[in-house]
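Please read the notes below alongside the sequence and the coordinates.

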Amino acid sequence: MSEKNTTQGKAQKRRSRGRWRALLTPLMAIVTALILGAVVIVVTDTSVYDAFGEGFGAGLLRIVEVVVTAYGSFFAGAFGDPARMVRGLSTWITTGDGSDWVQSLYPLTETLRYATPYIFAGLAVALGFRGGLFNIGAEGQYFIAGLTTVFVGYSLTGVPWFIHVPLALLAGILGGAAWGAIPGYLKAKTGAHEVINTIMLNYISFRLAEYMLDVGGPMARGDGRPVSPVIQPSAQLTQFFPSNPNIRFNVGFFIALLAAVFVYWLLFKTTIGYEIRTVGQNPRAAKYAGMNVPRTVVLTMALSGGLAGLAASHDILGVIGFMPNSFSSGYGFDAIALALLGNSHPFGVVLSSLLFGALQAGARNMQAIARVPLDLTDILQGLIIIFIAAPAIIRALYRLRTPDEGEGAVMTRGWGQL
Amino acid sequence: MPPVLELKGITKRFPGVLANDHIDLTLEEGKVLALLGENGAGKSTLMNVLYGLYTPDEGEIFVRGQKVDIHGPGDAIALGIGMVHQHFMLVPVLTVTENVMLGMESIKNKLFLDREVAAKRIHEISEQYGLDVDPYAMVGDLPVGIQQRVEIIKLLYRQADILILDEPTAVLTPQEVHGLFQVIRSLLAKGKSIIFISHKLKEVLEISDSIVVLRGGRIAGSALPQESNERSLASLMVGREVILTVAKEKAQPKEPVLEVKNLRVMGEGAHVVVRDVSFDVRAGEIVGVAGVQGNGQTELVESLTGLRPAQGGAVRLLGKDVTHASPRVITEAGTSHVPEDRQRDGLVLSYPIADNLIMNTYYLPPIARGVVLQEAAIKERAERLVAEYDVRTPSIMTPVGSLSGGNQQKVIVARELSRPDQLVIASQPTRGLDVGSIEYIHSQLIRKRDEGAAVLVVSAELDEILSLADRIVVMFEGRIMDIVPIEKATREDIGLLMAGIHPDEHGADVVATKEAA
């Protein structure tokens, strides 16, 4: 008995070690991407060449300067300036004026604000992956959910916020879920591949949103601009720093964290999640076990779409306040990278979303201060994804050990197999 | 003269496993050394060490008396060691010649392949050893037995004189095995030496000059074929006395549990593969379905378990019509199903054992309360079943995919037979398993029968049917040729029926069919 216990203890220790090692690879991927990003910054900066014209030492010095300025402003933009936070805090304590302190938190809140829709959309794609479905349609589901959520947001009047906000969120969930369920149903009934159908539905949803919001469209504001009416104040997500209009950080971030916990619970602690994962891992075994495979496929796509819809609800109810025609977010596509980066695990998605949020917030500051183009974010994101998708590169570079194969996500599967 | 190959004290460790523990082997020139052992005994590891795919932690290898270091297949080939893997390493869309040339192509004019030169040599080799292979045939078109010869030609083309054959008979029909043994004898006559890896006792006794038995990474013993028999070898392999024939009482059949009438089932190609099949299975008996693979047995089982729709006829389970019922309805009505392909249908390989054990009860209390899975109940159940059904695993959280085939099958058997069901359908229940696991699974099926369940066993192994079944249903081209009670069944008659030939003189069997129908 005791011998059995120790072998189990060892197995447990091995598992927890494996978990750390699972985090090590993405971490090294990020570091490597930052290093390569620095190379890109240096070689695209003409002042470096000028400095090398003056002499080799000056050139090297300039390289260090450029990288420190760029990444310095990057980190300041993503996480804030600690010195300023301390100053703001002491002003607040001594004079009672907290506005500097709040303003010093602005970078951090921007990171969290950018991360919020990423979490929702990343969860959407991750849930699909767990169910063996590749939902490329998060972007389209985001658009439809934007329409439904904004409609409830502006058209419903005279209701208190604690009814209006949940209703508007629900509208977003249902809009996304309905749009996601369509390719799910087509897959379940006809075997039509969800990759193709979600891409097609993306285009339909873009054009549908254009029609609804264009000047003279059914949902246009009617002031000659292709945007929806502004939502009622009662539909706004609670803001944490209403005194500072720059800060758009709102309760949506915590709803996203709750959503991540919910998806984790659903996937790993319930019979529904067991069905979703079994269908994803081995649909034949799922059928053998008596599971209703077509129903599970539709359900997975609907849940995925609903999560993608919440990303739109957050942006409209918490940040923008209306729906513009040119609403293109790109979240739906970044979400695929987020799910991959987070190994299709809800908590992994939260971590990767925070990273992408920081990249977005930091890059804007880097552009403003160090004059490094915003596009560097795309390069960094791209590099991180390449290194995550090809972990062999990172493992070879840093001589890490190959982790044990566990239950991952099914990324692709042939046509029409259920 | 020194032996052609000698291994001394070979030791190979993997994390947590001692795969080879001080193995000594000696292969004499012109002889067959059989390496016998259950799955996971360390045979493949040892051969991979010899072939240079693994580096041993300890030990030495001598080829013709010279100490050698083998760092890869290239070194092994240079020393004249060649290996035919269990899964062939051939490119189906290339010809025999192109496959054989692959890696050491003859070139003409510095640019073009010289197929003629290679084909000529292949023809010579083929003649010399009686292999009878057309150098210009497309490999994908050749039967498995001939593909194996192509693998052997590849080795001879590279002038190997120590040939390792890894489970060479696993994929062959009895006739092809016979042909392979002839080839082996002609190889020996030309001075080649062979290591023959198998867990099939009959074959080892027939072909080898000496036998080494591995168990748990160690040498469990060596034997000479003329001084051994199947029983003694099986005991060495498993480490205890093995009962090769299943001990069971005479069946006490009671009321019919499964009644199949005129069942028609369509196959993949939308043609009928089960044609108007009628039989029944009674409580307390085992009905065996015999037949060469691909005569409708797979589709029959899929239809009975709800995985494939019936096109006509009726299936009744405990008097209830389940012809068009879903798998879940059939399971809940009291059916266990051990599927034909355990990895494809029966398991989720990436799941831990515990999660695989709840596959058809995951939604029922005590495993689930509402939609919430009860982890404590799942763990408790897994611990109990793993102990009860002797699944060898480090923990119940080990992914099933990392278990051996025998232990994977035990996980399925534990899941299916632990339920109080009235009908057990087991399809190829022991395919690819070792002696110990086969013995265990057979005893479990008989236990179910003796507890009063109706048991339907489908197997392509006639021996398995003959030792388990109380009545035998023989299928040929989707039809039932005959239903034979075990007392009247002879290996020859069943074999003829499996080939679609009615032994007319056995009038009694025809009567039996009518009774059953």
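In this predicted model, 19 residues of chain A are in contact with 25 residues of chain B. On the side of chain A that touches chain B, the elements giving two or more residues are α1 (2–43), α11 (271–281) and α12 (283–288) of chain A, and α11(A) provides the largest share, with five residues. By class, the residues on that side of chain A divide into six nonpolar, nine polar and four charged.

**Chain A: overall make-up**

- Chain A contains 17 helices and zero strands, and 49% of its 418 residues count as buried.
- Among the contacts in chain A with a separation of 6 or more, 76% are between residues 24 or more positions apart.

- The domain assignment of chain A gives domain 1, which covers 24–104 + 373–404, and domain 2, which covers 112–353.
- The centres of domain 1 and domain 2 of chain A, taken over C-alpha atoms, are separated by 31 Å.
- Between these domains of chain A, nine residues of domain 1 are in contact with seven residues of domain 2.
- On the side of domain 1 of chain A that touches domain 2 of chain A, α5 (99–104) and α16 (375–389) of chain A each supply at least two residues, and the largest share, five residues, comes from α16(A).
- That side of domain 1 of chain A has six nonpolar and three polar residues, with no charged residues.

**The largest nonpolar core**

- The largest nonpolar core holds 256 residues, of which A:F120, A:A121 and A:L123 touch the most other members.
- Both domain 1 (24–104 + 373–404) and domain 2 (112–353) of chain A contribute to this core, each with at least three residues.
- Which residues does A:A121 touch, not counting residues up to four places away in sequence? Its partners are A:A138, A:Y142, A:A308, A:A311, A:Y331, A:G332 and A:A335.
- As general background, nonpolar side chains in soluble globular proteins tend to be buried together.

**Chain B: the four-stranded sheet**

- Four strands of chain B form an open sheet in the order β14-β13-β16-β17, with antiparallel pairing; the edge strands, each pairing on one side only, are β14 (272–282) and β17 (320–321) of chain B.
- Strand β13 (residues 256–266) of chain B runs antiparallel to strand β16 (residues 310–317) of chain B, and six bridges join them; B:K261 stands opposite B:A314 in β16(B), while the bridge partner of B:V265 in β16(B) is B:A310.
- β13(B) also pairs with β14(B) in the antiparallel sense, over seven bridges, and B:L258 stands opposite B:V281 in β14(B).
- β13(B) and β14(B) form a hairpin with five residues between them, and B:A270 in the turn has a positive phi of about 60°.
- Helix α9 (residues 297–304) of chain B lies across β13, β14 and β16 of chain B, and its direction runs at about 60° to β14(B).

**Chain B: the six-stranded sheet**

- A further open sheet in chain B has six strands in the order β6-β9-β10-β3-β11-β12, with mixed pairing; its edge strands, each pairing on one side only, are β6 (81–84) and β12 (218–223) of chain B.
- Strand β11 (residues 210–215) of chain B and β12(B) pair in the antiparallel sense over five bridges, and B:L214 stands opposite B:I219 in β12(B).
- Helix α5 (residues 144–157) of chain B lies across β6 and β9 (162–166) of chain B, running at about 170° to β6(B).
- Helix α8 (residues 230–238) of chain B packs on the sheet, where it touches β3 (32–36), β11 and β12 of chain B, and its direction makes about 35° with that of β11(B).

Note on methods. Residues numbered from 1 in each chain as written. Chains lettered and ligands numbered in written order. Predicted model: local features only at pLDDT ≥ 70, side-chain atom pairs only at ≥ 80, totals over all residues. Buried ≥ 20, exposed ≤ 12 C-beta atoms within 10 Å, placed from the backbone. Contact = placed C-beta atoms within 7 Å. Nonpolar A, V, L, I, M, F, W, Y, C, P; charged D, E, K, R; others polar. Core = buried A, V, L, I, M, F, W, Y, C linked by C-beta atoms within 7 Å. Domains from an automatic or database assignment. Pairing = 2+ DSSP bridges. Axes fitted to C-alpha atoms, helices over the stretch in contact; angles between N-to-C directions.
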